[in-house]
Amino acid sequence: METDHMTAGADGWDIVFRDLTAGYGNRAVLSGINAALPGGKVTVILGGSGCGKSTLLRHIIGLSRPIAGQILIGGHDFFNLPDKDFRRLRRRMGVLFQDGALLGALTLAQNVALPLTEHLNLPREVVRRAALRVLRMVELEDFADFYPNELSGGMRKRAGLARAIIAEPRILLCDEPTSGLDPITAARMDALLKAMHAFYPAMTVVVVSHDLASLDVIADHVLVLRDGAAVFNGPPDELKASSDPYLREFLRRNPGDAGNLAHTPPDPEVSAALARWLEK
Amino acid sequence: MAFPNIPAAVGGLTLRWIDALGGFALFLAAGLGHIFTSPKILGRTLRQLYVIGAQSLFLILLIGVFCGMVLGLQGYYTLVQFGSVGMLGSAISLTLIRELGPVLTAIMLTGRAGSAMAAEIGVMRISDQIDALDVMDINSMAYLVSPRLAASLIAFPLLTAIFDTIGIIGGYLTGVLMLNINEGAYFYRIVHSVTLDDVLGGFIKSVVFALCVASVCCRQGYLAHLRRDSVGPEAVGNATTSAVVVSCVLILVADYVLTSFLL
């Protein structure tokens, strides 16, 4: 496999799904996915809870094998590569997990430097300098010697992003980078991702999210999943102009029928018991 | 009501047991294999040696001295009926070196260090930390399991030896200092009754117990996400409980099997 020619400045790696059926064991969560995520662009994978976004991400990073179909990364059939090439290809990916997935026993600098300390025989001060550089990029340089449990959720995510990029990956994958963050911190995270992509323009960035606010800021391309199927794959402008009823409701955050609230009054026996308990 | 299909149930249970045993053997083999192939094993093993060994030392000293003291008391009041109190040194030292030292040390380490191994690795599993290691092309078995196995293989025999020694001193405290047995007779009997085979047998037991405890506890944590009875933090709790229970049962079963071969 020729992966080493993919140096900085080369074209980004496409990610292509061909008839992909994926899930856990024999239970398919995604079926018949055919889509291409363009190389060197930021793709946002959108969809409601439980639609298979995180499952798709786990398959792209090789943590689960597809039930059927193929995932082509940079033209290589990822799951049919020999083990050595599979690992070589995966080394070129950086992953930001939902809560950062930082190792609790290591400081931020040690966490961020982990890919370097484990795989390269560089002097300690060089590794530390590299860790501080990426921590500076995510504005966490002053927290280099803190442990993950001493940081907020947003800081852990930024540190996770720093670790994901320290080995200068060809593909950056982010699982819900803004979930659980307040609007300002979420906006900063989006801005950071955008700036990161500007710094590494050949990097293919895939962001799994259900945060519509992120769409306008970071997306060059959008893949929308619904009930395990791809219902849209294209640029954000096309998504916004779509006449598909589901997509329009999704973008408007229209909940549809909110249920029969008016026809489901509380049980009088429970209400009476509650009233007695609350008066105690 | 349909009758349960007993042959199918027995067959299914047998297959699950064989599957679990095979999984356990592969896990242990992979963990041991990485001890010899992982280039950065030394530093991680030293850290685990501190956690499993040094941090358990006080507990082992405490349990060891009281165990020896109780053996001294019980042994004295049993032997005095036969006019053989001079044999107290023999009784205490052989009981400790052959049986109680390796078994009690392993059970104490299961409760203190084994449960921590299962819980720590389990938390790492459910919080994506092990997935993160795999994605960074860092072998999670070599990073997490092999150092704990290696450290256990060093710490268990050392702590067992310390337990035996401190237990004999505990027996001295009750037998010689409290119950006035002759000090020379106490130590003379120890020197003349304990053979190299006894020490070697205790050493073999402690090594086997180390393998059982470390591999069971690490495996329970490592596979916490695959549990059928629970998910998330509850799975880590159940994995830790299972790790301690299975390890303790394995220690006692392995002790019986080893004793039957060593005697």
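**Notebook: two sheets and a chain contact**

I began with strand β3 (residues 42-47) of chain A, which is joined by four bridges to strand β8 (residues 204-208) of chain A, the two running parallel. Here strands (E, at least two residues) and helices (H or I, at least four) are DSSP runs, numbered from the N terminus. I then looked up A:Val42 and found A:Val205 as its bridge partner in β8(A).

A note on what I am reading: this is a predicted model, where local features need pLDDT of at least 70, side-chain atom pairs count only at pLDDT 80 or more, and totals for chains, interfaces and linings use all residues. Residues are numbered from 1 along each chain as its sequence is written, while chains are lettered from A and ligands numbered from 1 in the order in which they are written.

Next I traced the open six-stranded sheet of chain A: its order is β6-β7-β8-β3-β9-β10, with mixed pairing (two strands pair if DSSP finds at least two bridges between them). Its edge strands are β6 and β10 (229-234) of chain A, each pairing on one side only.

I also followed an open sheet of four strands in chain A, β2-β1-β4-β5, with antiparallel pairing. β2 (27-37) and β5 (76-77) of chain A are at the edges with a single partner strand each, so one side of each has no neighbour in the sheet. Within β4(A), I found A:Leu72 as the bridge partner of A:Val16.

Last, I checked the contact (C-beta atoms, placed from the backbone, within 7 Å): it takes 16 residues from chain A and ten residues from chain B. On the side of chain A that touches chain B, α3(A) gives the largest share, four residues.

Terms used. Contact = placed C-beta atoms within 7 Å.
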